[in-house]
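Here is a note to read with the model open. Please take the points one at a time and find each residue as you go.

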Amino acid sequence: MNINPETIQFIHENLNSDTSRLLLNASKYPAIDMPFAVDQILGRKQIREKLPYWYACESLVIPSRIAAEQCSSEQTASYKTRLVKGDSVCDLTGGMGVDSYYMSRATSRSFYIERYPEYCETARYNFELLGAKHITVLNGDSRELLREIDRCDTFYIDPARRSDVNKRLFALSDCEPDVLGIKDELLSKGERLIIKISPMADIRMTLELLPETTEIHILSVRNECKELLFVLDRIDGIRPEPTLYGINFTNDGTEDRFQFTLSEEQNAAVKYSSQPDKYIYEPNASILKAGGFKSIASRFDLKKLHINSHLYTSDELLTDF
């Protein structure tokens, strides 16, 4: 990392500069590693809105632009803190370290595992800056490094969803590392496994692959579906039916939450109306992704406008919808 006070000052003085022009004029700044500085400028633009706390740290280093693009937002990463079970957590696919940082707030012992050495170097530096000194950074293949961890209460994994030819992948079986191949080992070492998968994945099909699932959290930011989290718990005896949570973080920073089960959805009675009443209602993106089409109607006593439509109507103004 070619970071020093002079480089930090240059980056912040040029946050709004034309980066192509900076590269062309690199010879005018012999003390600055211009490609590095430009990557930092572009990366900072990517995290300005989704990671305001990290963005405010002027000395922070971004390992790569793709890491900045793919990392969780501050809102979704903070939400994961609530899902951590026990007093230790291990992020098996560390990346930029955003999820590791926020989940570590819920524990006294935390592990960040990443196969790219430069990402690990950056993570150590950033965690120190951000005051997260209790996170242990491990470089290597997560499947091999698991042998060094005797026990951890919660494991978190965000498998890579791009192929070698940069094609987006949605099926869990196509992702790396192979979650289906290691989930049993992870649940034998810990109490809980949290898996982040593509928002495009089919929830019911994924449930068939992950029968240990107890909770599914669908996270949207400003009504755009961002993350799909499957929570698997090690349970002896009868396994409860999974609960689905549709979470939407709104413009004003509040959180809309709707939860239901698949059996509730299946058994919900729905009324239909051929004509709109005084008010029209449309569920947020998380509820639509979760498939709570009948549950939302039943819970709020709404009428569906058509069996194949997800618009609802009522003569009542439901301020808590």
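**Notes on the model**

1. The residues that line the second largest pocket divide into 6 nonpolar, 3 polar and 4 charged. Here Ala, Val, Leu, Ile, Met, Phe, Trp, Tyr, Cys and Pro count as nonpolar, Asp, Glu, Lys and Arg as charged, and the others, Gly among them, as polar.

2. A word on the source. This is a predicted model, where local features need pLDDT of at least 70 and side-chain atom pairs count only at pLDDT 80 or more, while totals for chains, interfaces and linings use all residues. Residues are numbered from 1 along each chain as its sequence is written, and side-chain values use heavy atoms, with hydrogens and water left out.

3. Back to the pocket. The volume of the second largest pocket is about 200 Å³. Of its 13 lining residues, Asp256, Asn284, Ile287, Asp320 and Phe321 are the closest to the centre. A pocket is an open set of points on a 1 Å grid over the protein atoms alone, where a 1.4 Å probe fits, with protein on both sides within 12 Å along at least five of seven lines; lining residues have an atom within 4 Å of a point. Grid points are joined across faces, edges and corners, and the volume is the space filled by probe spheres set on the points.

4. Which elements supply the lining? β8 (243-249), β9 (255-261) and α14 (293-300) each give at least two residues. The largest share, 3 residues, comes from β9. Helices (H or I, at least four residues) and strands (E, at least two) are DSSP runs, numbered from the N terminus.

5. Now the whole chain. It has 14 helices and 13 strands. Of its 321 residues, 50% count as buried. Buried means under 20% relative accessible area, exposed over 50%, and partly exposed in between (1.4 Å probe, protein chains only).

6. Look at α1 (residues 5-13). Thr7, Ile8, Phe10 and Ile11 are buried there. Seen down the axis of α1, these buried residues fall within an arc of 160°, so they line one face of the helix. The arc is that of the directions from the helix axis to the C-beta atoms. Pro5 and Glu13 are exposed on the face turned away from the buried side. The buried residues of α1 pack against α2 (19-24) and α3 (34-47). Contact means heavy atoms within 4.5 Å.

7. Compare α10 (residues 179-189). Its buried residues are Val179, Ile182, Lys183, Leu186, Leu187 and Lys189. Seen down the axis of α10, they fall within an arc of 145°, so they line one face of the helix. Gly181 and Asp184 are exposed on the other side. The cover over the buried residues of α10 includes β5 (192-197) and α11 (203-209).

8. Which residues touch the most other members of the largest nonpolar core? Of its 40 residues, Ile195 and Phe230 do. The largest share of this core, 4 residues, comes from α10. A second, separate core has 33 residues, including Tyr55 and Cys71. A nonpolar core is a set of buried Ala, Val, Leu, Ile, Met, Phe, Trp, Tyr and Cys residues joined through side-chain atoms within 4.5 Å.

9. Last, check two backbone angles. Asn223 has a positive phi of about 65° although it is not a glycine. Asn223 sits in the loop between β6 (213-221) and β7 (224-233). Asp301 has a positive phi of about 55° and is not a glycine either. Asp301 is in the loop between α14 and β12 (303-304).
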